[in-house]
Amino acid sequence: MSLLYVNGIQKHFGPDMVIDGIGFKLEWGQKLGLIGRNGAGKTTLLRILTGQMEPDKGTVQYDRGIRSGYLKQEDAVDPDSTVMKEAETAFAPVLAMENRMRELELAMAAAQESELSPILEEYNLYQDRFDAMGGYHNLRDIPAVLKRLGFSQEDFHKPCGKLSGGEKTRLALARLLLSGVDVLFLDEPTNHLDIEATEWLEGFVKDFGGAVVLVSHDRYFLDRVVTSIAEIENTKMSLYKGNFSAFQQQKLANIKRQQEIFDREQREIVRLETFFEKWRNTPSRKNQAIMRHRWAERIRSKATERPDAPGKNAKLGVKAAQTSGNEVVILDNVTKRYGTRTLFEGVRGLIRRGERIGVVGPNGAGKSTLIKILTNHEPPTSGMARLGANVTVGYFAQDTSDLDLDANVLENLLNAGEMDWVQARTHLGRFLFTGDDVFKETRLLSGGEKNKLVLAQLTFLRPNLLILDEPTNHLDLASRESLAEMLKNYDGTLLLISHDRYLLDIVANRTVEVANGVVTWYDGNYSAFREARQAGKLMTTSVRPVATDTPLSPAESLLQTLLAEKPERVIPPAMQGMNAYQRSKERQRAKTAVGEAEKRVGELEARLEGIEAKLSNPAPTDNVVALSQEHGGVQLALTEAMEAWERAAAYYEEVEQLFMGG
C-alpha cells in the first residue's frame, strides 16, 4: 500500500525552472534517498511534499490517516521550553493513539454484533500503523533517545533558548522521532551529529516501519539506510533501486549505454550523409542518395540525446610550499579544564611529517578545543603543545569565523596572501567562483560556498600542516569528492576532524579518538579503529608508541622514555582458557576460515563482472532493470564478504602472532 502519491510536480522561481514533471509513489518501509547538487531543488521538493510550499503544477496526495513529520536543516524549538518538555510534548500523539485504542477495546467489549464493524475497522487501522512503525515501545524511554542524540542528564532541564545551533537541531530530530509519524522527511539530519549518534540514527531509520524521504550528502549513511535513490538533475528526477553504491553503478552503466547508442547513431548518420554527398549529382544513384539522406534525417530527428557530461566539480589542489621538520606536532602533558569540568588531561603524543590523522569523538569531548590549543587560538590549562621546525599551518575552522563577512569573495582571497587580481580570479575559478560570483558579498554566500572560499584561501597559502575542522559541512556529494581527492594528493601533514566516515576512511591512516577525557591513538583508518574497538582489541593509551625501526630525534627519545608503554601480548578472547592442543586446532580453523572467505569474495567478484558485462552490452532478451537490481544486491554481498575476509584475516594474524610469540 502506498502512503504518498506525487504526480507532475513543477516549480519556478521567477524565470528559472527548479523542478519539472516530478512524480513517484512512496510505499510502507521505503527509504528514499534524495540527492543532487546544492541548489538542484531537493529542499524545494521537500517543502512541497510537506505542504509548506505550493507547486506551480502537479499534486501531492497522502493516503487516509497518514501523518508526516519534517526535519529542516535549521529546525526551531521553543526557547522557553526545556529539552525534556519538548521531547515529552512530541510523544503526545503516540500516547493519544494508544489511549484511543484502549477506548476502542472497551467499546468492542460492550458493543452489539451489528455495531462492531466500524469500531473494528478503526481499531485495525491503528493496529496496522503500530505494527508497521514497530518502534513505539523503544521510544517510550525518552531519556534514552535524548542521550543517544548527545544530550546528557544535566541537559534535560536546560532551557532550549540556551542550546547551541547543533543542539537545537538534535533536539528537533529527537522530537520528530518521538512524535510517531508515518512518513519522515529528513533534510541533512546528520549535519550536527557525531559519529556515534549518526550510527544510532542509521539503526533507527533502517528499523523504522513507515517511509522515509532523506536528503543527505553522507555516503555511508545513504549506503546503509536507503532502499532507493532519487536524483534531481537539470530539473528532472530519476529513480534508482538500491543504495547509493548501487545508484552509482546503475548511473554509470546508463551513461555508458546511452553514449554507445548515441555514437552508433552518429556513425550511421555520417555514413548515410557521406553516400548522399558522393552520389547526389549522379543520375543513376541520385534516388538512392536521396533515400539515404531522408533516412539520415529520420535518425537525426529521433536520435538519442548525447549523455550529459558530469557537472563541474571544484578543482581543489594543494601542495606544501616547503618541507617541515620530521617532528610536526608535540603534545606534552596537555590538560584543558573549564571550571570544574575537565575536557582532557595529560594528553601526550607526537605527530610526524606526512602523517594523516583523523580525529574523532563525541560532540563536546574537546576535539576542536585540542586543535585550537595547537594553533594558539586557545591556551591549555597546563602542559605544552608546540609545532616543530619549519611548520606552516593552514587552519579551517568549522564556523568559517576567519572570513570577513563585509568583504566580497575576491577581497577575502586577496586578504589571505600576496597575489594580483588576475591570479586571485583564476584561483577562485577552480572553486567554481566565476564571473560576477567573485563580487558577491561574503555574508550572502551559502554554507557550502563559504567552505569553498576558506579552502581557496588555504590552498593558495600552501601550508605543510593542514588542520581541517568539519570541512564537509554544507558540501554536496560532488564537492566532497573533490575535497577527498585534494586531501589524498596532499603532500604535507594532515589533521582532520570529521564525522564523515567515508572521508576519514579514504584519507586518514591514523585515528585519534577524544572521548571521556581520554585520548586514544590508533594506526589505521576509522573503520579499522571501530572494528578493533568492537572486538575489544583496542588499547587505550595517551601516546602512540614511537616506531623503533627509524632513528629517534632527541625529542622523540625523550617522549618515548617519559611516556610510551610497551603493550603486552594479548591472547584473543576466543582462545582464552584453551590448552595447547585446542589452540593449535583454533589456529587451523582460523586459517581455513580465511581461505573460505577469500573464495567467497572471488565468486562474488566473478558474478559481479558477469552482470556488468551484460549491462554494458545487453541482449534484447536481457531484463536490464532486473540486472541492475541484482547488481546492487551482489555489490552489497561483495562488500560484506570483503569485510568478513578482513575480519578472518585479522583474527588469523592475531592467532599467528600468539604462536610466534610462544
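Predicted model: local features only at pLDDT ≥ 70, side-chain atom pairs only at ≥ 80, totals over all residues.

Me: How many bridges join E6 to E7, and do they run parallel or antiparallel?
Reply: There are 5 bridges between E6 and strand E7 (residues 211-215), and the two run parallel. To get from E6 to E7 the chain goes through H8, and this β-α-β crossover is right-handed.

Me: What about E5 and E6, how many bridges there?
Reply: Strand E5 (residues 68-71) is joined to E6 by 4 bridges, and these strands run parallel as well. Tyr70 has Phe185 as its bridge partner in E6.

Me: Is E6 enclosed or open to the outside?
Reply: Strand E6 (residues 183-187) is largely enclosed by the rest of the structure, because 5 of its 5 residues are buried.

Me: Which residues sit on which side of E6?
Reply: Val183, Phe185 and Asp187 are on one side, with Leu184 and Leu186 on the other. Both faces are covered, as each of these residues is buried.

Me: Back to H8. What caps its N-terminal end?
Reply: Asp194 does, with a side-chain oxygen 3.3 Å from the backbone nitrogen of Glu196.

Me: And which residues of H8 are buried?
Reply: Quite a list: Ile195, Ala197, Thr198, Glu199, Trp200, Leu201, Glu202, Phe204 and Val205.

Me: What span should H8 have, and what do its end C-alpha atoms give?
Reply: H8 (residues 195-207) has 13 residues, so at 1.5 Å a residue it should span 18 Å. Its end C-alpha atoms are 19 Å apart, which agrees.

Me: Switching topic. What is the strand order in the open sheet with 6 strands?
Reply: The order is E14-E15-E16-E12-E17-E18, and the pairing is mixed. Strand E14 (393-396) and strand E18 (518-522) each have a single partner strand, so one side of each has no neighbour in the sheet. On average, neighbouring strands of this sheet are turned by 15 degrees against each other, direction ignored.

Me: How do E14 and E15 pair up?
Reply: They run parallel, with 4 bridges joining E14 to strand E15 (residues 465-469). Phe396, for one, has Leu468 as its bridge partner in E15.

Me: Which strands does H16 lie across?
Reply: Helix H16 (residues 477-489) lies across strand E12 (356-360), E15 and strand E16 (493-497). H16 runs at about 150 degrees to E15.

Me: And the open sheet of 3 strands, what's its order?
Reply: That one goes E11-E10-E13, with antiparallel pairing. Strand E11 (341-352) and strand E13 (382-387) are the edge strands, each pairing on one side only.

Me: How many bridges between E10 and E11?
Reply: Strand E10 (residues 327-338) pairs with E11 over 8 bridges, in the antiparallel sense. Leu331 stands opposite Gly349 in E11. Helix H12 (residues 367-374) packs on the sheet and touches E10, E11 and E13, with its direction making about 125 degrees with that of E10.

Me: Last one, zooming out. How many helices and strands does the chain have, and what share of residues is buried?
Reply: The chain comes to 21 helices and 18 strands. Of its 662 residues, 46% are buried. And of the contacts between residues at least 6 apart in sequence, 69% join residues at least 24 apart.

Definitions and conventions:
Residues numbered from 1 in each chain as written. Heavy atoms only, no water. Pairing = 2+ DSSP bridges. Axes fitted to C-alpha atoms, helices over the stretch in contact; angles between N-to-C directions. Contact = heavy atoms within 4.5 Å. Expected span 1.5 Å × (residues − 1). Buried < 20%, exposed > 50% of the residue type's maximum accessible area, 1.4 Å probe, protein only. Polar contact = N/O pair within 3.5 Å; in protein donor to acceptor, adjacent residues only side chain to side chain. Right-handed = clockwise from strand over helix to strand, strands pointing away.
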